[in-house]
Amino acid sequence: MGYEDIIQQVIEFVGTFAFAMSGIRHAAAKHFDWFGGYVCGIAVAIGGGTIRDVMLGATPFWMTNPFYMICTALALLSVIVFSKVMAGLRNTWFVFDTLGLALFTIAGIQKSLLFDQPYWVAIIMGCITGSAGGVIRDVLLNNEPVIFQREIYAMASVLGGITYWALDYMDVPVEVTVMVSFLLMCLIRFLAVRYHLSLPRLKSEQADMDE
C-alpha cells in the first residue's frame, strides 16, 4: 500500500466518523429511533462516496472494508452514551459536518486522481463526495438540502478542490496540499456562517414583477 493510499484511507475513516455523527444528531433532533439514526448516519457517511465510486466504475469503498459500518455504529454509540453532554454542544454538529465535508472532498479528489481522471473531473467528484451524503440525509429527514440553502456549503468544497489542484500543479508535497485545502474549506465554512456570507440569490420574473 502506497503512502498516498494510506493518507486517503485515514481521511476517509475520520471523515466517516465526522459525517456519521452529523447525520445521527440530525436524526436525534427528529426523534428517530436508534436504527433510524444509524441509517441517517450511514447515508451521510457513505452516500457521496458511493455515488463517486459508481461514476468512476469502482467497487463502492464501504463494500471492501467493514470499518465504515463499524465506525458509524461507534458514532451512534457515542451519541447515545453522551447524549446529555452533546445536547449543549449545538455548534459541535456544525463542526462535525464541516470536517466531514472537507475530509471527504479531499478523499474524492485523491481517489479520482488514482483512477487517472483529469483535475476538473476530480474537483467535481470531490464536491459530490463531500456534499451528496448531506443531501441524502436531508431528503430522508424531509429537510431542505443544505446545498440549496443560503449558506456556503458545496462552494467551499469546489474552492478547496481548486486549491488542491493549484498546489499540486506547483509540486507542493501532498501532506501540505491536503492540510492547506482542508483548512481553507473549514475556514470558508466558519467565516460564511459567522458573518452570514452567501452567494447572490436568483430572482424569478414574478419576483421582479412584484417589486
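## Helices α2 and α6

In this predicted model, helix α2 crosses helix α6 in a right-handed manner. Helix α2 covers residues 34-56, and its axis lies 7 Å from that of α6, at an angle of about 130°. Angles over 145 degrees count as roughly antiparallel and 65 to 115 as roughly perpendicular; α2 and α6 are therefore oblique to each other.

On the α2 side, the contact involves Ala-43, Val-44, Gly-47, Gly-48, Gly-49, Ile-51, Arg-52, Met-55 and Leu-56. On the α6 side, the residues include Met-125, Ile-128, Thr-129, Ala-132, Gly-133 and Gly-134, together with Ile-136, Arg-137 and Leu-140. Sorted by class, the contact of α2 with α6 has 10 nonpolar, 6 polar and 2 charged residues.

## Helices α6 and α7

Helix α6 (residues 119-140) also meets helix α7 (residues 154-169): their axes come within 9 Å and cross at roughly 140°. This crossing of α6 and α7 is right-handed.

From α6, the residues in contact are Tyr-119, Ile-123, Gly-126, Cys-127 and Ser-131. Their partners in α7 include Ala-154, Ser-157, Val-158, Gly-161 and Ile-162, as well as Tyr-164, Trp-165 and Asp-168. The contact of α6 with α7 comprises 8 nonpolar, 4 polar and 1 charged residues.

## Helices α7 and α8

By class, 10 nonpolar, 5 polar and 2 charged residues make up the contact of α7 with α8.

## The protein as a whole

The protein contains 9 helices and 0 strands. Its C-alpha trace spans about 50 × 45 × 30 Å along the principal axes. A compact globule of 211 residues would have a radius of gyration near 17 Å, and the protein, with 17 Å, agrees with this.

Of the 211 residues, 46% count as buried. Among contacts with a separation of 6 or more, 73% join residues 24 or more positions apart.

Conventions. Residues numbered from 1 in each chain as written. Predicted model: local features only at pLDDT ≥ 70, side-chain atom pairs only at ≥ 80, totals over all residues. Heavy atoms only, no water. Axes fitted to C-alpha atoms, helices over the stretch in contact; angles between N-to-C directions. Helix = DSSP H or I, 4+ residues; strand = E, 2+ residues; numbered from the N terminus. Left-handed = near helix turned anticlockwise from the far one by under 90°. Contact = heavy atoms within 4.5 Å. Nonpolar A, V, L, I, M, F, W, Y, C, P; charged D, E, K, R; others polar. Rg over C-alpha atoms; globule rule 2.2 N^0.38 Å. Buried < 20%, exposed > 50% of the residue type's maximum accessible area, 1.4 Å probe, protein only. Parallel < 35°, antiparallel > 145°, perpendicular 65-115°, else oblique.
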